[in-house]
Amino acid sequence: DIAFIVEMDTKILEDIVHLLQDVQWLYNFPVTQIFTRNVIYQMPGDWREALTELPIDELNLIPQCKSQDYWPTSLQSFLERCKRLSLQQLVLHQYGPSTAALTHTSHTLQLPQEFSRGMSLKKRHEVSALLSLMKNLSESTQSSHVLDVGSGIGYIDSLLHHSLKLTVFGAESEDKNVRSANNRHQQLSGKCEGVRHFTWTLADDEVTIEKAKQVILELIHLNENCTCQHKKSCSLSSNASENLLMTVDNEPETEVSSINRDNAETVVPADVCQPHSSAILLGLHACADLSPVMIKIFKECPQVSSLVLLSCCYHKIHPANIPKNSLGNESNYCDGSDPYMKVETSFEKVCCDTTEREGSIANEVSFVNFPMSAALRNMLNQNDFNMSVFGLRLAAQESGLRWRQQTSEDHENHKKNVAYRGLLEVFCIREGFTLRKLRRRCVRKSQFEGFSDYIKNVTMNYEFISSDGAVHIARGNEKNVPLEDTILSFQRGESNKINYDENTFKSMDSTSCQDHNISATGEVLNITQDYIKNALDKCYEEFQHLFPLIEPITGLQLALQPVMEALVYVDRLVYLKESGYTNVWLEKVFDAEVSPRSVALIVVR
């Protein structure tokens, strides 16, 4: 049986890898470079012919992997493979909870009004559904304690204690969230000690593992004095409680009774551990590397009975050969959405930090925590295939379920966003410019009905940085406008020219415009709004015949999205199986239309 299971897992991973290899052109690029990377012409010709000028009812069905009889056989086969290997299908037919395994009931629990105050509809849905799952899991494992990693402001934690009588520690990296969580709990439950929040940023190292062991021991041996309406028995004597040690940054300092409301982190001596005490490890929207870290904590902490993990932001998993401190610190908590996931806002990311980071690591060999399983790692090596950050970004995209409701106006707006931003990218690469935003939201959908409006807003809200580091802000150059009003900013700086493949523009007219001021040495002295408008208008004329295929390409990406996400989840599931855990499964917890990251990885020790 074990050999058969391993064979099935390997076959599923292999099928996914082969599918992704076949359509790398579809996902392995930033959307801003849809024209500069010649993406549309990499699509098979018969696909282009079939998908041009689709009726909206057919277009809206693409993310659901529904094809038309008149489409090419290869396109229909692609969509069939996407459906069979999607995360939803694998949860339903392959990796879902068996009849012998724990599964929560389909209904969600009603939330008390005072505890749901301040929650969005999405958060209410998540908390209610997760509460039902945790109820059954705590009953099945006889665990009465929960360590919630990335607890935010503690919505789920207060209800785990109030409704399920569980003792909860909430670990959160943001001090302001910890303060809000503790204040909120105090308003709801007074001085009740059944829920405690503290500041802790988990890292992928042995120090974090050791600290997790101590925190979990403190949790399951907590001498709780619950002062709310739900009295619970204590599992630790007062003498043992008095011996707890407080640690800050993993260094022991002084004796305290427990984790206090000043965010101190506490530990308990290992010799007071009772063998039947256990805790559930919970991660809701565990971002990037936090999910693999929590899996490692589960493996190393025998007092953790089970793990419930809903992951997100896979594209932020750390690259293997870039120093960790070069990318800054990630918060433990994520709300499950990524503002850069939505293509509608992608036109704002003109050479911003995230795009430059992704571009620099797009073709890296590996990531620190992906793949986790030996099975997938060996398979990628055998097929000489590496996942890019763009593939992992697609895995973290919103699902295509909402696409069914898209109107013609919705599609038109989205097409404009992608096309206009793509044309701006063509201009920047051809002319050797990078852009720097002058404000957070530079171009809003409401600010452009057509391309002329878009150009006007771009020239008003971005600095244009030439290859030599000169900075320009373009303005109109109408008659009688002084030069100093036309060129508002000019300064020297470090060169910041965009990098691109010389073969990128083989199919393009790469002649540069000659109507801006150039010194005898070839130095660009200034650019104007008219110059940019003329250059962008030429780009528009050159690429507008490709605009009708933007929406079909987006639909194909959305059909592939759940396959990408399945690869991440199955890799982690197989890793746990390789580590000796057999009671592990994937379970749909949320409605994907409400909360896109809707599937949980669950393992019971």
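At what angle do the axes of helix α18 (residues 408–431) and helix α22 (residues 550–578) cross? In this predicted model, the two axes cross at roughly 95° and come within 9 Å. Angles of 65 to 115 degrees count as roughly perpendicular, so α18 is roughly perpendicular to α22. Helix α18 brings H411, H414, K415, V418 and A419 to the contact. Helix α22 brings I550, E551 and T554. By type, the residues of this contact divide into three nonpolar, three polar and two charged.

The chain as a whole holds 22 helices and 13 strands. It has 605 residues, and 56% of them are buried. Its accessible surface comes to about 26,500 Å². Carbon and sulfur atoms account for 46% of that surface. Among contacts between residues at least 6 apart in sequence, 75% join residues at least 24 apart.

Seven of the strands form an open sheet with mixed pairing. Their order is β3-β2-β1-β7-β8-β13-β12. Strands β3 (195–199) and β12 stand at the edges. Each has a single partner strand, so one side of each is left without a neighbour in the sheet. From one strand to the next, the twist averages 20°.

Two helices that pack on this sheet are described here. Helix α11 (residues 175–189) touches β2 (167–172) and β3. The direction of α11 makes about 165° with that of β3. Helix α12 (residues 206–220) touches β1 (145–149), β2, β3, β7 (279–287) and β8. The direction of α12 makes about 140° with that of β1.

Strand β8 (residues 304–312) and β13 run antiparallel and are joined by four bridges. Strand β13 (residues 599–604) also pairs with β12, again in the antiparallel sense, over five bridges. Residue I602 of β13 takes part in both pairings: it is the bridge partner of V308 and of W585.

Is β12 largely enclosed or largely open? Four of its five residues are buried, so β12 is largely enclosed by the rest of the structure.

Note on methods:
Residues numbered from 1 in each chain as written. Predicted model: local features only at pLDDT ≥ 70, side-chain atom pairs only at ≥ 80, totals over all residues. Heavy atoms only, no water. Buried < 20%, exposed > 50% of the residue type's maximum accessible area, 1.4 Å probe, protein only. Pairing = 2+ DSSP bridges. Axes fitted to C-alpha atoms, helices over the stretch in contact; angles between N-to-C directions. Parallel < 35°, antiparallel > 145°, perpendicular 65-115°, else oblique. Contact = heavy atoms within 4.5 Å. Nonpolar A, V, L, I, M, F, W, Y, C, P; charged D, E, K, R; others polar. Areas by Shrake-Rupley, 256 points an atom, 1.4 Å probe, with all protein chains shown as cover.
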